[in-house]
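Please open the model in your viewer and keep the selection panel at hand. The tour below moves from one selection to the next and says what is to be found at each stop.

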Amino acid sequence: MMESKKKLGDFDTLKSLTIVNGLLTNLTPIRVGLGREPPLEASADVAVLRMRIDGRLVPYIPGSSLKGVFRSFIEQLARSTDSNIHEPWDFKAMEEEAKTGKPCAVCGIFGSTELASHIRIYDAYPSKDREPLIRLKTGVVIDREFQGARPGLLYTEEIVEPSYDWRFRMDIFNIPFPGTNDERSKYLSELFDTLKKLGLQVGARKSVGMGLMILKEASYKTYVLENGALKVVADGVI
Ligand SMILES: [Zn+2]
């Protein structure tokens, strides 16, 4: 797998590294969990993901969840100008891209079965200032067959209350970002613009508006390799 990914990769040389740092705020309640399987210590049927930091369990948002949301957003952008954008599970299309050596813009950012990802998104942990409050919500089990609530059948779910800050970091490899004509750079700029102005939804229960996150206080720094050391060549506000 690593061998085949190398064919399309440009990772033998580090041309540039751009690090984006910022804060994400959840405007609405959020839950990123492990599906319907609660961790052993959880008292809810559906629990929020937690990580042990400094001896305490705190909620966090995995980088992979953010990456999934960003990928489908950029897929939509790309599809509006290019009808050839394939589905993320279309392995045939990815192999074809590997053969021709021309990945589509989406794989050129997020990677594919044949190509390593050009971005890395870190897990987002709560800002140190305020630790998020987790609330236990009780809901009624909806019977899909009869399209209604079944009295007496309750479940509990955990949610993180709105308005908490989460530390965000994305590393961008060998994509000239921001402010260039590179197609991938334009899509990333549009992603950050949308994240700042409208927000994007992350996690469970999107249909009832949960998980709406906006980006604030985002900045970037671009490094290149020079004489065996990383040197800052650009920085600014996103
Ligand atoms: Zn592709």
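Rings of Phe, Tyr and Trp (for Trp, its six-membered ring) are taken to pair if their centres lie within 6.5 Å, and a pair counts as stacked with planes under 30 degrees apart, as edge-to-face over 60 and as tilted for the rest. This is a predicted model, in which local features need pLDDT of at least 70 and side-chain atom pairs count only at pLDDT 80 or more, while totals for chains, interfaces and linings use all residues. Residues are numbered from 1 along each chain as its sequence is written, and side-chain values use heavy atoms, with hydrogens and water left out.

**The whole chain**

Begin with a cartoon view, where the chain shows five helices and 10 strands; helices (H or I, at least four residues) and strands (E, at least two) are DSSP runs, numbered from the N terminus. If you colour by accessibility, 42% of the 238 residues count as buried, where buried means under 20% relative accessible area, exposed means over 50% and partly exposed lies in between (1.4 Å probe, protein chains only). Contact here means heavy atoms within 4.5 Å, and among the contacts in the chain with a separation of 6 or more, 64% are made by residues 24 or more positions apart.

**The aromatic cluster**

Now select Phe 70, Phe 168, Phe 177 and Phe 192, which form one aromatic cluster. The count of aromatic pairs by the ring rule comes to four. In one of them, the ring centres of Phe 70 and Phe 168 are 6.2 Å apart and the planes stand at 70°, so the pair is edge-to-face. Because Phe 70 lies in helix H2 and Phe 168 in strand E7 (residues 165-173), this pair ties together parts that are 98 residues apart in sequence. Both Phe 70 and Phe 168 are buried.

Stay with Phe 177 for a moment and display the backbone: a cis peptide bond joins Phe 177 to Pro 178, with omega at about -5°. Pro 178 itself is placed in the loop between E7 and H5.

**Helices H2 and H5**

Next, select helix H2 (residues 63-79) together with helix H5 (residues 183-197), which pack at an angle of about 115° with their axes 10 Å apart. Here the axes are lines fitted to C-alpha atoms, for helices over the stretch in contact, and angles run from 0 to 180 degrees between N-to-C directions. On the H2 side the contact is made by Phe 70, Phe 73, Ile 74, Leu 77 and Ala 78, and on the H5 side by Tyr 187, Leu 188, Glu 190, Leu 191, Thr 194 and Leu 195.

Cys 104 counts as buried at 13% relative accessibility, and Cys 107 counts as buried at 0%.

Ser 127 is buried, with a relative accessible area of 11%.

Thr 13, in the loop between helix H1 (2-8) and strand E1 (17-26), is partly exposed at 41% relative accessible area. Draw a distance from its C-alpha atom to that of Leu 225, and the two are separated by 9.2 Å although they lie 212 residues apart along the chain.

Leu 198, in the loop between H5 and strand E8 (200-201), is exposed, with a relative accessible area of 62%. Leaving aside its neighbours within four places in sequence, Leu 198 is in contact with Leu 212 and Ile 214.

**Positive phi angles**

Glu 217, in strand E9 (residues 212-226), has a positive phi of about 50° although it is not a glycine, and counts as exposed at 61% relative accessibility. Asn 227, in the loop between E9 and strand E10 (229-237), also has a positive phi, near 50°, and counts as exposed at 79%.
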